[in-house]
Amino acid sequence: MPSILPARRAALLFVLSTIPTACAPTTATVATDRATDPTRPAAVYCRLAEPIAWSQADTDETIRAIKAHNAVVAALCPPG
């Protein structure tokens, strides 16, 4: 009795190989959607976050945390 396993495996591989390309949006579409989506976490963060200043009275640990926060703001949020 011949095995149907190779035929099933081939059919499964074919179906799985076509799914990502059939459903995936183009890179330009994804980038545009992410940039204009106001509910995107980075967009929400940028509406709320502002750079923080520190003073000489702050501890080194506090200044490091402020610099880390300011780096995130600079990386995620457009100027202005």
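Biologist: Let's start with Cys77: why does Cys77 count as buried or exposed, whichever applies?

Modeller: Cys77 has a relative accessibility of 13%, so it counts as buried. The cut-offs are under 20% relative accessible area for buried, over 50% for exposed and partly exposed in between, with a 1.4 Å probe and protein chains only. Before we go on: this is a predicted model, where local features need pLDDT of at least 70, side-chain atom pairs count only at pLDDT 80 or more, and totals for chains, interfaces and linings use all residues. Residues are numbered from 1 along each chain as its sequence is written, and side-chain values use heavy atoms, with hydrogens and water left out.

Biologist: What joins Cys46 to Cys77?

Modeller: A disulfide, meaning a pair of cysteine sulfur atoms within 2.5 Å. Here the S to S distance is 2.0 Å, and the structure holds one disulfide. Cys46 sits in helix 3 while Cys77 is in the segment after helix 4, so the pair ties together parts that are 31 residues apart in sequence. Helices here are DSSP runs (H or I, at least four residues), as strands are (E, at least two), numbered from the N terminus.

Biologist: Why is the disulfide of Cys46 and Cys77 called left-handed?

Modeller: The torsion about its S-S bond is about -95°, so left-handed it is. Cys46 comes out as partly exposed, because its relative accessible area is 22%.

Biologist: Which residues of helix 4 are buried, and what makes them a face?

Modeller: They are Ile63, Ile66, Asn70 and Val73. Down the axis of helix 4 these buried residues fall within an arc of 80°, so they line one face; the arc is taken over the directions from the helix axis to the C-beta atoms. An α-helix has 3.6 residues a turn, so residues three or four places apart point the same way. The face turned away from that buried side carries the exposed residues Asp60, Glu61, Arg64 and Ala75.

Biologist: What do the buried residues of helix 4 pack against?

Modeller: Helix 3, residues 41-48. Take Tyr45, which is in helix 3: leaving aside neighbours within four places in sequence, Tyr45 is in contact (heavy atoms within 4.5 Å) with His69, Val72, Val73, Leu76 and Cys77. The C-alpha atoms of Tyr45 and Val73 are 8.5 Å apart. At 27% relative accessibility, Tyr45 counts as partly exposed.

Biologist: And Arg47, why is Arg47 called exposed?

Modeller: Its relative accessibility is 56%, so exposed is the label. Arg47 is also in helix 3, with its C-alpha atom 8.7 Å from that of Cys77.

Biologist: Where is confidence lowest and where is it highest?

Modeller: Helix 2 (residues 27-36) is lowest, at a mean of 53, and helix 4 is highest, at 93. That's pLDDT, the predictor's confidence in each residue, from 0 to 100. The protein's mean is 74, with 54% of residues reaching 70 or more. Where pLDDT is low, the predicted coordinates should not be read in detail.
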